[in-house]
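Thanks for coming. I'll take a few minutes on one structure, starting with how some strands pair and ending with a pocket.

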Amino acid sequence: TTRGFELENSLQLTRDLRLDTSATWLADASFGKAVPGSSFAAGLPILRDGRRLAIPPKFAGTATLAFDTPVSNRTNLSANLNLSYLSSHFGQVERDVKQPGRAVINMNLGLRDPDDRWYAGVFVRNLTKADYFDVTFDQPLVFSSPSMGYTGEPRTFGVTVRVRFGS
């Protein structure tokens, strides 16, 4: 069973500044009734009556502030700041491993051709060095830490250069 809603909005605040937002709220994202006789090899039920699904959070939202302005006839300054938020959610169903909510901030700053034929810029991902797991899972034969996972992207700095060939 899944019930909820999603909302997206884009506001042109000034000629050069835009705010894009999105929000998703899942009022319910849970398993239905168990199918009699269905099970994993270990004998655990495949469906958990009414238990919330793993991974989908109750709330997720993003906000992006995008700035783009001409600095000459042939070049624009382009910048954006992006905040992405996920509320707490279960990493897996069987063990009720709940991951805390998280907010991640990314930003870009660069120069581009007004027709988007080229772009050169710098970026920072995970600006605040948020520590989180993207996915958690069981390691039943590891007794010291039965739950493990894939960590989220660390703070990353980089350079982007794009060129579009053709028309």
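Strand E8 and strand E11, the latter covering residues 156-163, run antiparallel to each other and pair over eight bridges. Before I go on, please keep in mind that this is a predicted model.

E7 spans residues 102-112 and E8 spans residues 118-125, and the two pair in the antiparallel sense over six bridges. Here you can look at leucine 109, whose bridge partner in E8 is valine 122. What do E7 and E8 form, and how many residues lie between them? They form a hairpin, with five residues between the two strands. In the turn, aspartate 116 has a positive phi of about 60°.

The largest pocket has a volume of about 180 Å³. Which elements give two or more residues to its lining? Those are strand E2 (17-29), strand E3 (59-70) and strand E4 (76-86). E3 provides the largest share of that lining, four residues.

If you want to find the lining on the screen, look for Gln12, Arg15, Asp16, Arg18 and Asp20, then Thr64, Ala66, Phe67 and Asp68, and finally Ser78, Ala79 and Asn80. Sorted by class, the lining of the largest pocket has five charged, four polar and three nonpolar residues.

To recap: E8 pairs antiparallel with E7 and antiparallel with E11, and E3 gives the largest share of the lining of the largest pocket. That's what I have.

Conventions:
Residues are numbered from 1 along each chain as its sequence is written. This is a predicted model: local features need pLDDT of at least 70, side-chain atom pairs count only at pLDDT 80 or more; totals for chains, interfaces and linings use all residues. Side-chain values use heavy atoms; hydrogens and water are left out. On a 1 Å grid over the protein atoms alone, a cavity is a set of points where a 1.4 Å probe fits but cannot get out, and a pocket is an open set with protein on both sides within 12 Å along at least five of seven lines; lining residues have an atom within 4 Å of a point. Grid points are joined across faces, edges and corners, and a volume is the space filled by probe spheres set on the points. Ala, Val, Leu, Ile, Met, Phe, Trp, Tyr, Cys and Pro count as nonpolar, Asp, Glu, Lys and Arg as charged, and the others, Gly among them, as polar. Two strands pair if DSSP finds at least two bridges between them.
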